[in-house]
Amino acid sequence: MYDFITSPSIYSFVRGPLVWVAFIVFIGGSIYKTRSMILLAKKQKVVFPYLDLKFSLRSFLHWLIPFDSRNWRLRPVITTVTFLFHIGLVFTPIFLLSHNILWYESWGITWWTLSESLADIMTLIVIFACIFFLLRRIFASEVKFVTFYSDYLILAIAFFPFFTGFLAYHQFLLPYKTMVILHMIFGEIMLIAIPFTRLGHMFYFFLTRAYIGSDHGYRHSKDW
Amino acid sequence: MAVVEKVKESEKVVSREFKEYIRPPVADPGFDESIKKLTPEKIEKTINAVLNMMGGAATFVAPLKTCIHCALCSEACHWYQSHGKDPTYAPVAKLRMTLWEMIKRKGKVSPEFIKQCARISFCECNLCRRCSMYCPFGLDITFQMGMVRRICYVLGVVPQSLMDYDNSLSATLTQLWINQADWIDTMQWQEEEVRAEIKNVRIPIDKEGADVMWCPLGTEPKVATYHIARTAKVMNVAGIDWTVAARDGWDAANMSMFARGMETMQRIVRGIFENALRLKVKRIVLTE
């Protein structure tokens, strides 16, 4: 098993075709899922006539700014953790130096990079936030009551790319090359899983908030 | 601090599916008698019929696919707050115990389970929509609970008093079995009453072309007639050109909406609008 996973063919497979598959499935799947939800909503009488761009944007902003809405203010710990977690989760992979080098080597394109130490801190934040969410699932009674195996699974899908990435960077536990292969596999699993699991809340957020934001705007109230 | 209801050990009702769901017993013929008529086949057919219909509704499907089970909606619920933060009162927990379980089991649930769903959706949730204001995704949890009510309604498992209102509305378009003669008579009687205080006050019935058509709740002519007198005083002193409809469709108490009896619900609203069109009024004013 160890020989298998460290063999050059596995490396070139996860670095080559599997990346293509992951990105095509992620982008294609996301577009397909979002589009089919919008088409479904179009058939319904009560969604599109009420949708309003101004109220939708107001709703996005209101809930994407930490401590802006009432529920974010009521729960300062969760708000802090969840915002740091999501910022780390989305922006670390996009602006990581080593990822950008891969883009440059493949296609010759570059953009901004985070400093290595900042990226390291953001990765640690994501890892500890995952542990925080796990503990919350186990010990907070109201969360425990609505926790299914799938909740642990999607938490693990988000956790392992960052965990293996961190270990690979610091060259802990396993040899660098093995860890980096694991890291790439987990990253690709995450990309593929996003459109087909509840990780899809990444893009459904904008649809559901647009609906409820417009609904509240229509009634001349703010959406808290 | 919230007072936690102590349930006597001998009396408590523990859910078969959810050990955390412990409640004192409640006797309601609308629940206890009506579940005797249910069969597993009937339940399965009803649940799947409602769910299949809702499968084409984005407002129903999107929340199911988006909910991340974070339980951040709990704090919004006054039931949760006033029961010592019992997790089974949290909005998402109520969905987990009703709708999610029905979907998971594809409608294969027992009559006892339907009774439990009816108790949760009718008696432990007011459909106030506060939870959707606390949900980071703004998911319309209330709409989903409403669908649980709808399933219970179609199966006939509804609190007896609410079912009686719904029956009355479906037969007479009023909440409390009021016939047209009684309604007109009550308005004329109240006109006389107010005339003792204000000279020549009118409660115009069926006045075409008035600015405002007032629609009371059925309770007002039935048991709280002084509300009609007060409204008449306000309207007359404010100098508003108003009227009430003589024909059925004057009662704004849409109890069928709460029971999710959609058929009667839309007849009530249609009745009010048809009266407004017939009388060519500019505004409809409802009691709340």
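**Entry 1: the sheet in chain B**

I began with three strands of chain B, β4-β3-β5 in that order, which form an open sheet with parallel pairing. The edge strands are β4 and β5 of chain B, and each pairs on one side only. I noted the terms: strands (E, at least two residues) and helices (H or I, at least four) are DSSP runs, numbered from the N terminus. Two strands pair if DSSP finds at least two bridges between them.

This is a predicted model, where local features need pLDDT of at least 70, side-chain atom pairs count only at pLDDT 80 or more, and totals for chains, interfaces and linings use all residues. Residues are numbered from 1 along each chain as its sequence is written, and chains are lettered from A and ligands numbered from 1 in the order in which they are written.

I then looked up the bridges. β3(B) and β4(B) are joined by 2 bridges in the parallel sense. There, B:Val212 has B:Trp242 as its bridge partner. On β5(B), residues 283-286, I found 4 parallel bridges to β3(B). B:Trp214 is bridged to B:Val285, and B:Cys215 to B:Leu286.

**Entry 2: helix α13 of chain B**

I moved to α13(B), residues 225-237. This helix has 13 residues and reaches 19 Å from its first C-alpha to its last, close to the 18 Å expected at 1.5 Å a residue. The expected span is 1.5 Å times one less than the number of residues.

Which residues of α13(B) are buried? I found B:Ile228, B:Ala229, B:Thr231, B:Ala232 and B:Met235. They lie on the same side of α13(B), because they cover an arc of only 165° around the axis. The arc is that of the directions from the helix axis to the C-beta atoms. B:Tyr226, B:Val234 and B:Val237 are exposed on the other side of α13(B). Buried means 20 or more other C-beta atoms within 10 Å of the residue's own, exposed 12 or fewer, and partly exposed in between, with C-beta atoms placed from the backbone.

What do the buried residues of α13(B) pack against? They pack against α11 (180-195), β3 (212-215), α12 (219-223) and β4 (242-243) of chain B. After the helix comes B:Gly239, with a positive phi near 70°.

I looked up B:Ile22 in strand β2 (residues 22-23) of chain B. B:Ile22 has 13 other C-beta atoms within 10 Å, so it is partly exposed. Its C-alpha is 8.7 Å from that of B:Thr88, 66 residues apart in sequence.

A:Ile10 is partly exposed, because 18 other C-beta atoms lie within 10 Å. Leaving out residues up to four places away in sequence, A:Ile10 touches A:Phe4, A:Ile5 and A:Ile181. Contact means C-beta atoms, placed from the backbone, within 7 Å. A:Ile10 and A:Ile181 are 171 residues apart along the chain, yet their C-alpha atoms are separated by 8.0 Å.

**Entry 3: where the chains meet**

How many residues of chain A are in contact with chain B? I found 31, in contact with 31 residues of chain B. α12(A) gives the most to this side of chain A, with 9 residues.

**Entry 4: confidence**

Chain B averages a pLDDT of 91, and 96% of the residues score at least 70. pLDDT is the predictor's confidence in each residue, from 0 to 100. For the complex, the predictor gives an ipTM of 0.88 and a pTM of 0.88.

Conventions. Contact = placed C-beta atoms within 7 Å.
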